[in-house]
Amino acid sequence: MGVKSSHHSLRDTLLDQYWELKLNPQIYADFFSELNEFQIKIIGSEIACMINDVSHQAIVDESFLCLPEIGLNINFDEIGSCILKLKQADTCRLHLIFTSKKRNEQMQIEFAFNEEISLKTLSKHLLKTQDCIPSAAQLKTKRRAVCTKCKERRDETRANISSNRLYHIISFACFLDQEIWITYNNEMISFTKSFPPNKESSPDGIISLANSDCVIALDIAEVFNTISHESCFEGEASTVVNCYNSHGENLFNLIQQNTELYDMCSLDKNEGCH
């Protein structure tokens, strides 16, 4: 009875509070290893990814926490805050939210309230409680300004996704009927995931790929340039397509283990997105 009572008491406390937790990769390695199931949502300005997992392996390597079975790495040197809160729509679920120092990346781990061992692990590392979500835990939604020409190109992709060169690269990769790898390497989060060669296009320039445990959405309207090259990936001759925003920053890379995709990309020597 006492355990049930403390369980309800904890839920009542979390209903009105945000718990700010200590930032130490070993804490969260213990947390992940004790979870039975969880869902990870990764949000960036040009990419969103949802991963369902029952993995238990977590490795700490200096400031990094690695989840090798799902190809995910978290750099704790780049985390600005970690908040625990109840999920608004379902108080049987909790959200553990990591936000980068620059507030341009966020990772949400959703897990069940009845994961008592994992919850107990986190409660030992409470830094302070907050009545409202602190600004350090709020993702910046305002994009950097782009020039008039780039804005026109972005708007064109939003209106007609096939006007963007990357759309045709991904379409051809699907036609080749080999799995497509996406690598994302930002300051807080990096991951590598493979997907079957099936894409879904949505309004506003979004392309989605899905496998049995993960869905990824790529905002190709933010891709203004692609550079392809041949490389060796997992022992196979492969095509790597690096995708860049209007400021020349690498957003993500697309990899397929063949050179036919590179031949297709090379047909346009300018290699820019139109």
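The lining of the largest pocket divides into ten nonpolar, ten polar and twelve charged residues. Here Ala, Val, Leu, Ile, Met, Phe, Trp, Tyr, Cys and Pro count as nonpolar, Asp, Glu, Lys and Arg as charged, and the others, Gly among them, as polar. The model is predicted: local features need pLDDT of at least 70, side-chain atom pairs count only at pLDDT 80 or more, and totals for chains, interfaces and linings use all residues. Numbering starts from 1 along each chain as its sequence is written, and side-chain values use heavy atoms, without hydrogens and water.

The largest pocket holds about 840 Å³ of space. A pocket is an open set of points on a 1 Å grid over the protein atoms alone, where a 1.4 Å probe fits, with protein on both sides within 12 Å along at least five of seven lines; lining residues have an atom within 4 Å of a point. The volume is the space filled by probe spheres set on the points, which are joined across faces, edges and corners. Of its 32 lining residues, Ser45, Glu46, Asn104, Asn245 and Glu249 are the closest to the centre. Strands (DSSP E runs of at least two residues) β3, β11, β15 and β18 each give two or more residues to this lining.

Now the sheet. Eight strands form an open, antiparallel sheet, ordered β4-β5-β6-β12-β11-β18-β17-β16; pairing takes at least two DSSP bridges. β4 (59–61) and β16 (225–233) stand at the edges with a single partner strand each, so one side of each lacks a neighbour in the sheet. Strands β5 (64–67) and β6 (72–75) pair over four bridges. One of these links Leu67 to Leu72 in β6.
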